[in-house]
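Here is a short report for a first look. Start with the view below, then read on.

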Amino acid sequence: MNEATLTYYPSRDFKANARAALADSNLRASFRGAMDFLMGKRAAQFPDAHELAELRKLGEAIRQKSLAKLPELLEQLEAKLTENGVTVHWAETTEEANAIVHGLIAAKGGKLAVKGKSMVSEETELNHYLEARGMTAIESDMGEYIVQLAGEKPSHIIMPAIHKTRADIARLFSEHIPGTPYTEDVDALIQIGRQALRQMYVSADVGISGVNFAIAETGTLCLVENEGNGRMCTTVPDMHIAITGIEKVIEKLSDVVPLYSLLTRSATGQPVTTYFNMISGPRRPGEKDGPREVHLVLLDNGRSQAYSDEQLRKTLQCIRCGACMNHCPVYTRIGGHAYGTVYPGPIGEIISPHMLGLENTVDLPTASSLCGACGEVCPVKIPIPEMLMRLREESVRDPHEKVAHPLRGQGAGVDKEVKLAWRLWTGLYSKPGYYRLFGWAATRLRGLTPRHQLGWTQNHVPMKPAPKTLHELMRERRKETGR
Amino acid sequence: MSQKRPPADVYFFGTCLIDVFQPQAGLDAVTLIEREGVRVHYPDAQSCCGQPAYTSGEVAAARRVARAQLDLFPEAWPIVVPSGSCAGMMKHHWPTLFAGTPDEARAKEVAGRIVEFADFLLNTLDWQPTDLGQPLTLAVHTSCSARREMNTHVNGWALIDRLANVKRVVHEREAECCGFGGVFSVRHPDIAGAMVADKAAALKDSGAAQFVTADCGCMMNINGKLAKDGDTFAGEHLATFLLKRTGGAA
């Protein structure tokens with residue numbers, strides 16, 4: 001797991017990545033199969049459309065209320081956590097977050113960290129950062145463990161190793177875990193992984209986890225998981241460091257119930273998960289277990305940019321269920337790595353530009369037919385297609401234009417030829433006389449229709465105008481019928 | 001049924017794709033409506049709803065083109081649109097597009113009168129056809145706008161189910177996008193190509209003799225792909241199909 005084996009998928013190469021993924025029939029079959037399975041599981045959890053609609057409305061309201069009060073809720077959260085004995089750290093950038101975590105481990109003279117699943121730590125590339133400084137971070141979520149062994153990144157936020165076949169995993173385990181024979185038996189593989197990880201909890205100096213919900217009212221960190229590794233990471237080692245984004249705060253304990261239900265049912269199609277952890281501080285006097293120190297790192301990393309714009313703020317409602325990916329016809333076909341970002345799929349297309357700038361993610365908001373499947377299933381009703389269109393607008397906006405809340409990379413998608421084409425189009429389509437002339441000419445010159453029409457003719461026969469436009473046919477009809 | 005009293009007059013907004021590429025579909029929709037005793041008015045100055053620019057982030061361009069349509073519907077008649085995505089643009093996105101501009105109120109008023117063709121035929125006219133065609137198995141592709149924005153996909157099904165000799169079959173992943181998405185299919189041809197290949201295959205594998213759709217973009221996308229592959233299986237606009245099954249013009 002050194003630098004050389006880390007596979008990086010830059011989002012600037014999105015089109016080439018997508019092309020490569022589309023040509024990989026194994027990858028396509030595994031994503032299609034897995035997404036069909038997850039869609040089926042989710043659908044089975046929501047048999048009552050009315051209940052789903054009401055629950056989504058509630059989820060949306062809770063998240064919007066939390067975001068509306070975000071600054072004061074964060075202050076309240078910090079105060080409550082401090083009261084509970086948890087130390088709160090603030091990080092504006094990924095570098096700052098990593099430095100905080102590294103500093104905490106170093107101060108204890110620690111070397112080994114065992115991690116529960118955390119997408120925010122993927123965002124900061126924490127493992128890499130720690131390893132470059134002589135520490136080891138071991139992923140304990142089975143999927144994360146597999147991608148870590150492979151030197152890759154997660155391809156799905158809930159199912160990180162969904163792109164791996166059984167044979168891939170068998171090979172990885174036999175190569176990387178000493179004394180492991182090659183086996184494709186799923187139960188055996190899970191046992192091998194669990195045994196290898198079990199040792200880590202005992203020897204680790206620190207446990208690192210993510211957070212699903214941070215409750216301001218009580219100063220509680222909630223962790224949703226299925227494997228029990230999250231509970232082990234946060235209770236066995238002497239120190240627990242939680243890391244999460246600033247948007248994860250919610251106001252009240254009672255807000256958790258509907259959000260948790262929406263999360264598990266939308267994500268994996270489970271009514272509840274196997275584990276639900278509520279962490280309210282370190283070991284108290286007289287208690288026999290639990291960490292002696294608990295820290296929370298709250299990361300911004302571009303979230304403030306989304307927050308400052310009233311429309312784009314809705315992006316932060318996300319509870320990271322992954323349903324938008326599972327239902328996306330684009331994600332289903334190209335998988336997560338093609339996006340080149342930590343968060344792939346529809347949510348990745350709308351959140352990554354805030355983290356990385358539009359200049360590094362310019363293709364992502366365009367990688368959607370705007371079919372609306374993502375927005376339809378989003379448990380907290382983020383209008384994802386609307387966000388995509390807004391980001392497209394910002395990416396073709398004149399980079400020098402002054403706007404109230406400029407986005408990083410404004411104008412990164414400006415292409416002079418395309419701009420000229422739109423000007424031409426606007427001139428023709430906004431003036432009836434020109435437009436009719438254009439229609440007449442296009443139909444009369446239909447024999448001259450180009451055989452190559454940009455990307456269209458890659459998949460289609462050329463678009464060929466009809467012999468007469470509807471305008472002409474209607475005029476003829478009026479003459480005939482006298483109306 | 002919740003049908004209203006049929007209006008005596010309606011406007012028809014043909015859409016730019018139908019105008020230049022599939023005018024017969026537009027004409028067939030007009031014929032069907034007039035056959036029910038409704039006068040159809042086709043404003044000659046119409047061009048496009050602005051959707052291609054709008055979904056490309058070119059909001060100012062979209063607004064200019066859309067504004068050129070706002071004056072074309074002075075009477076309080078319904079405006080029938082034979083395409084789900086254009087109807088969705090006019091009904092749901094025009095109010096946003098013109099929000100905060102002097103045209104806002106006018107845009108909202110016009111948007112309030114937009115009605116998608118299948119919706120109009122079924123719910124306003126309560127179309128009761130006599131099917132004159134041979135027995136046929138048919139697949140239906142509904143555009144995503146019609147399905148998710150306009151909620152009118154059930155109308156197309158209901159209209160077809162009123163044809164006694166037509167058996168409507170469901171194709172695999174019927175709710176999935178065909179990969180058109182306007183500029184998307186040109187900008188991301190690899191991804192869009194994979195999507196349309198799957199959609200075309202699903203429609204063919206459904207056992208249907210042909211398919212219909214009420215959205216010209218989807219139709220050109222799927223038919224263009226099938227033709228490129230040299231396939232004889234093809235689709236028609238819903239209006240063309242319904243008119244053919246019921247004896248053409250009165």
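## How much area is buried

Chain B and chain A bury about 5,500 Å² between them. Carbon and sulfur atoms give 62% of that area. The size of an interface is often given as the accessible area lost when the parts come together. The model is predicted.

In residues, 63 from chain B are in contact with 60 from chain A.

## The chain B side

Which helices of chain B each supply at least two residues of the side that touches chain A? They are α1 (16-20), α2 (23-35), α3 (51-54), α4 (59-70), α8 (144-149), α10 (184-187), α11 (189-205) and α12 (216-228). The largest share comes from α11(B), with 9 residues.

By residue type, the side of chain B that touches chain A has 32 nonpolar, 17 polar and 14 charged residues.

## A closer look at B:Asp126

B:Asp126 sits in a loop of chain B. That loop runs between α7 (117-124) and β5 (136-141). Is B:Asp126 buried or exposed? Its relative accessibility is 18%, so B:Asp126 counts as buried; the cut-off is under 20%.

The side chain of B:Asp126 also has a partner. A polar contact of 3.2 Å joins it to the side chain of B:Gln128.

How values were computed. Residues numbered from 1 in each chain as written. Chains lettered and ligands numbered in written order. Predicted model: local features only at pLDDT ≥ 70, side-chain atom pairs only at ≥ 80, totals over all residues. Heavy atoms only, no water. Helix = DSSP H or I, 4+ residues; strand = E, 2+ residues; numbered from the N terminus. Buried < 20%, exposed > 50% of the residue type's maximum accessible area, 1.4 Å probe, protein only. Polar contact = N/O pair within 3.5 Å; in protein donor to acceptor, adjacent residues only side chain to side chain. Contact = heavy atoms within 4.5 Å. Buried area = accessible area lost by both parts, 1.4 Å probe. Nonpolar A, V, L, I, M, F, W, Y, C, P; charged D, E, K, R; others polar.
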